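I opened the model to look up how the chain is put together. My notes follow in the order in which I took them.

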Amino acid sequence: MTSNRRALPVPRRWSIRTREIVAVLILNGLLIGAMWIRHGGLDQLADPSGWFIALGELVGLYGGYLALIQLVLMSRSPWLEQVVGMDSLAAAHRWVGFVCVWLIVGHVLLTTIGFAIADGQNLVVEAWTLLTTYEFMLMAGVSLVLFIGVAVSSVRVARRHLAYETWHGLHLYAYLAIALGLGHQLVTGSDFAHDPLAWDYWAGLYVIAAGLIVAFRFVEPLVVSVRHQFRVVNVEDEGPGVISIYLGGRDLDQFAIRAGQFVIVRFLVRDGWWRGHPFSISAAPNGRWLRLTVKDLGGDTMSMASLAIDTRVYLEGPYGLLTGARRVRRRVLLIAGGIGIAPLRALFEELPAGPGDLTLVYRASRPTDIVFRDELDHLARARGAVVHYLIGARGSRAMPADPLTAAALRQLVPDLRQREVYLCGPTPMMEAVRDGLRASGLPPGHIHFERFEF
Amino acid sequence: MQRAELGLGSQLDEQIERRLRIVSTMGTIIGIDLRDPAVPSGALDAAEAWLVEVDARFSPFRPTSEISRLARGEIEPEACAPDVRYVLTRCEELRVASHGSFDIRAEGLRGGLDPSGYVKGWAVEEAAHVLEAAGARNYVINAGGDVLVRGAPEAGRPWIVGIRHPLEPDQVVARVALPATEGRHALATSGMYERVDHIVDPQTGLAAISWLSLSVAGPSLAQADAYATAAFAMGRVGLAWLAGLPGYEGYAIDPGLRPSWTAGFDPLLV
Amino acid sequence: MPKRAITALITTVIALVLLLSFKTPADSGAAGGAPALVSIGPGSSIGPASSSGPLAGGPGAGDSPTPPGTRPPGTTPAPTKVTAKGSGTFTGDAVQEQFGVIQVQATMTGGKLTAVTVVQMPTRGRSGFISADAAPILESEAIAAQSASIDSVSGATYTSEAYAQSLQSALDHAKG
């Protein structure tokens, strides 16, 4: 099956590590603090209003810095995405986002209070004066409101009540908020208005962040999609509620992607072209087509089954860390739950492994939930790999106990603790498996797990 | 917001000697531009010292000034210095003449007693007196936008004072010639140049907004200053009221940026 | 695209246009260029009040004017001859303000003050915030009176004491 395949390009590997990226960000943050001190930030502490103003400046600087970091986190830069992982980036983005907005709110309050004390004015009048008599301050005020709106709409309670697209649309206003805040930073910000070097540096940070977003979120996918002209070439039923979409195009043997990765696709149909779907490829790349296998979750996935052949597709990616690039150990265990079989099916085909080195555990509630059975069995025979199908609703007679506990897994795979483990499936199930494996002594560095909720 | 106000001579010609003295006091900048080379600089020092002293004794914003102490009831009017009593008397006369529009005692004014509408002009006139006692006959004093001139900037033409555009800080909308060879001539302007809450119509207690700016020309800066303040507060009828005052002429700009002026102001416009 | 998204987009664009067209007083007083004598339209003069008291109005500015006293803007008188002496750039004293030092420089050309440049201004705190905005205005106002042969300007403004002190000392230096 694998012998006469031409060498296909794969996404490049990055040798930097997450901690190095964090170190750079922290160092830059210290540099900003040092700049503030050098500009006389601490000298203001002689005066009571100066305490508020000084703290307001610091908090504003870091709020602005975090906002830029937010942009970088979501830029889909490959050196970030392939090192940290989309799901960790999304989690960091969420956490940094709330801190950032708190800092910005703090900055506005502290600065207004400090100025009000210095001017001998009451807060409301001072705030009004600031907004209406200084360059770019009204824009900064609008920026604050937008930031608060974005933060409020992202709180869990709010997200439960908002459709994903509504939430996403509101979230895009964060771009506007950042752009509107820049003017007041550069023109009236005490650290930048009078120091050309600091001005250049700060503007440079913005340029870098904006550049990354433009390059990797817009230009690169556009170039890739235009070059490869992705189209739907086939749609197949894999079983109840599961379909496979085959994407063809031009020069697909030049498209670098690994098994285990996913792409974000937009089907360019009249209704729904703006929706991006993160779908994993469910077969190893072969240079001719990509197969995306999706579960019918209702809503827009229902319309997937009726996708017309030759529908054009806009594709972003590939993304994802669940690949052979992470594999260090010779022996591999893949554990799939439900539709999580999709990326693991691709890995099952592509991962280099000798007989007995590759095992797949496939968990499903009902027999009809199992997809690719023929393919998996065929691959297993051809590669000397093993597939265990664990079918049955938990707690039923067929499956009285949880079959995915570490102990149960060790029964199936005795050398469990020496394997490289890849997990994919519903998050709670997979988190439980991961925790069990860690507890049983498997080093966390050899457990690879990707969440799909971002 | 802070901006500088400078009344500078237009030509610093080698043949014309001028001395510029800038005094910051009374919450404003007072610029003295003296064109008489023979007058000793000590006169400028004395004028400066006088202006600073006025601030100390008359400012409603200084708790130790006589005016503030008077307002708090710590001293009786009779116990005040003679010039304080003089100022208070003049202010009372102006209150009557302006039908209450100029009133240093009105509610809503900070400090309770605020004669600054009169004091600034009066202080400048006294300073001019100090200069003239030392022989000065050609000078312009600009106190935060209120201008007092005597003589001429150079042979052959009078002092020319611009009236600032109420909304565009670096533009002037009118040029006023102030002939002053026989005696002093003054031009005082009240307006929306500053925060509105400064000028309050005592009769209504509300900010006066019928004019964007109102200028008064006449022989005494103190009178012109007070009249400008009163007429501005009067609103629409302020200019008509000014027309009825002998010796003083007015020029006003309404919120639509249309100017009106009294007939007597006409010959001054160049 | 859902209608809501298009509505949101249009609303955002309109709001942005409005926001960007907001002008602070600082914008109105943009520095640069020779400030001009501005004609603000036909004015009117009113006659002396009649004896019926101050409430007798003339044709006030609110009426459509048929002005007897319309005054077109005057012509600029020819400038007096100036000499080359008195040219150069003179730096004033550095004056200490609450949050820093302010120092200005006066540029004289042919004996006339043609430019004022702020050499140092407070950069921190409230003063710094103001000075970032005010510098262009302070500079332009200093020469506002220089064109059109105006000796002084009436119409109060805000003041910056330290600024004026420094400028005065620069002018003193200019006189040598």
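Entry 1: I began with contacts, counted where heavy atoms lie within 4.5 Å. In chain A, 72% of the contacts with a separation of 6 or more are between residues 24 or more positions apart. I then looked up burial, where buried is under 20% relative accessible area, exposed over 50% and partly exposed in between, with a 1.4 Å probe and protein chains only. Of the 454 residues in chain A, 50% are buried.

**Entry 2: what I am working from.** This is a predicted model, in which local features need pLDDT of at least 70 and side-chain atom pairs count only at pLDDT 80 or more, while totals for chains, interfaces and linings use all residues. Residues are numbered from 1 along each chain as its sequence is written, chains are lettered from A and ligands numbered from 1 in the order in which they are written, and side-chain values use heavy atoms, with hydrogens and water left out. pLDDT is the predictor's confidence in each residue, from 0 to 100. Chain A averages 90, and 97% of its residues score at least 70. Over residues 1–5 of chain A, pLDDT stays under 50. For that stretch the model has seven contacts beyond four places in sequence.

**Entry 3: elements.** I counted DSSP runs, with helices as H or I of at least four residues and strands as E of at least two, numbered from the N terminus. Chain A has 14 helices and eleven strands.

**Entry 4: strand β7.** Is β7(A) enclosed or open? In chain A, six of the six residues of β7 (residues 332–337) are buried, so the strand is largely enclosed by the rest of the structure. A:V332, A:L334 and A:A336 are buried on one side, and A:L333, A:I335 and A:G337 on the other. In a regular strand the side chains alternate between the two faces of the sheet. Strands pair if DSSP finds at least two bridges between them. Six bridges join β7(A) to β8 (residues 358–364) of chain A in the parallel sense, and A:L334 has A:L360 as its bridge partner in β8(A).

**Entry 5: a three-stranded sheet.** I found an open sheet in chain A with the order β4-β3-β6 and antiparallel pairing. Its edge strands, β4 (277–280) and β6 (313–319), each pair on one side only. β3 (residues 262–267) of chain A is joined to β6(A) by five bridges, and A:F262 stands opposite A:Y319.
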